[in-house]
Amino acid sequence: MTKLSLFLILLLALTVTTVPVFADDDDDEREFGFGENEREKERERDHDDEREDDDDDERIGLGTGVSDMVLYVTISAIAGTIGYTGYKIISAKRPKLVKK
Amino acid sequence: MTNRYFLLVFLLFLIPLPAFADDDGEDAVEDLGWVAIGAGVIATVPFIVFVKVRKFAVKAGGSTVQIVRQMAPSYKPILNFHIIVNSIGYFSGMLHGLLLSSNLEPISLSLALVMTVLMISGVLLRYTSSRNAKMFNRLLHGQFGLVILLIGLILLHVFTADD
């Protein structure tokens with residue numbers, strides 16, 4: 001049990017330390033003044049973002065038909081497997097009724 | 001003996017490091033995915049082969065029982081190898097997913113879910129002492145359907161991730 005708690009603590013620590021990497025740093029950029037170069041960079045960035053948005057439309061994303069089906073099938077399969085395993089254990093433990 | 005064991009574990013955890021030797025950051029993150037797949041194959045295939053051979057030898061009976069006896073001492077090291085390398089693969093895969101979370105799509109999410117279910121059931125199978133929990137996790141961890149689903153999702157992810 002101690003080993004399990006140690007493992008869970010390690011898992012939590014890893015998760016907590018990884019999350020700040022994804023913190024948005026856009027606000028930091030706004031603090032600096034906007035010179036001509038910054039404006040140009042901003043325009044280029046906007047242009048790149050538009051291009052990325054177009055790419056995103058082509059990519060399989062959340063909300064599209066077939067790939068959403070894959071997710072639903074996976075969740076159902078996991079739920080089904082867990083349910084089936086639980087049922088197997090419960091049915092193995094329950095004593096069978098003998099007909100008189 | 002214990003020191004040597006810890007050194008081996010430490011060295012095994014260094015396996016994903018070459019993924020960062022690449023100059024391009026995106027490529028390094030992508031390589032982490034390949035590290036996860038490689039670690040999964042290396043950790044799982046020998047273990048499954050070992051277990052199947054042992055089962056087959058027990059079923060066959062006769063002189064093969066001697067082979068089973070000879071195989072018995074190597075079970076624990078192979079199991080530990082399976083756990084350690086699969087843990088490395090799992091964390092590499094999760095890190096790969098977290099770093100590329102801006103491109104999240106249902107197939108990757110499904111893959112992460114199946115990996116997590118198998119990982120949690122494996123950890124609980126190894127570290128719980130309750131008889132019921134052990135039995136439940138043994139059945140869940142060895143479900144053929146989940147393994148097939150995992151392989152299918154890995155293939156789908158590899159083929160669709162670059163699109």
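Tutor: We begin with a term: buried means under 20% relative accessible area, exposed means over 50%, and partly exposed lies in between (1.4 Å probe, protein chains only). This is a predicted model, in which local features need pLDDT of at least 70 and side-chain atom pairs count only at pLDDT 80 or more, while totals for chains, interfaces and linings use all residues. Residues are numbered from 1 along each chain as its sequence is written, chains are lettered from A and ligands numbered from 1 in the order in which they are written, and side-chain values use heavy atoms, with hydrogens and water left out.

Student: How many of the residues in chain A are buried?
Tutor: Chain A has 100 residues, and 14% of them are buried.

Student: And what about chain B?
Tutor: There, 34% of the 163 residues count as buried.

Student: Turning to helix packing, how is it described?
Tutor: Two packed helices are described by the angle between their axes and the distance between the axes.

Student: At what angle do α5 and α7 of chain B pack?
Tutor: Helix α5 (residues 106–127) and helix α7 (residues 144–160) of chain B pack at an angle of about 145°, and their axes are 9 Å apart. Axes are lines fitted to C-alpha atoms, for helices over the stretch in contact, and angles run from 0 to 180 degrees between N-to-C directions.

Student: Which residues meet there?
Tutor: Among them, B:Leu111, B:Val114 and B:Leu118 in α5(B) meet residues including B:Leu149, B:Leu150 and B:Leu153 in α7(B).

Student: Is B:Leu150 buried or exposed?
Tutor: B:Leu150 counts as buried, because its relative accessibility is 18%. Leaving aside neighbours within four places in sequence, B:Leu150 is in contact (heavy atoms within 4.5 Å) with B:Leu111, B:Val114, B:Met115 and B:Leu118. B:Leu150 and B:Ser110 are 40 residues apart in sequence, and their C-alpha atoms are 8.9 Å apart in space.

Student: What does A:Thr74 contact in chain B?
Tutor: Apart from its neighbours within four places in sequence, A:Thr74 is in contact with B:Ser110, B:Val114, B:Leu149 and B:Leu153. A:Thr74 lies in helix α4 of chain A and is buried, because its relative accessible area is 1%.

Student: Where is A:Ile75?
Tutor: A:Ile75 is in helix α4 (residues 65–93) of chain A. A:Ile75 is partly exposed, because its relative accessible area is 41%.

Student: One last topic: where is B:Val45?
Tutor: B:Val45 is in helix α2 (residues 25–60) of chain B. With a relative accessible area of 47%, B:Val45 is partly exposed. B:Val45 and B:His82 are 37 residues apart in sequence and 9.1 Å apart in space, C-alpha to C-alpha.

Notes. Helices (H or I, at least four residues) and strands (E, at least two) are DSSP runs, numbered from the N terminus.
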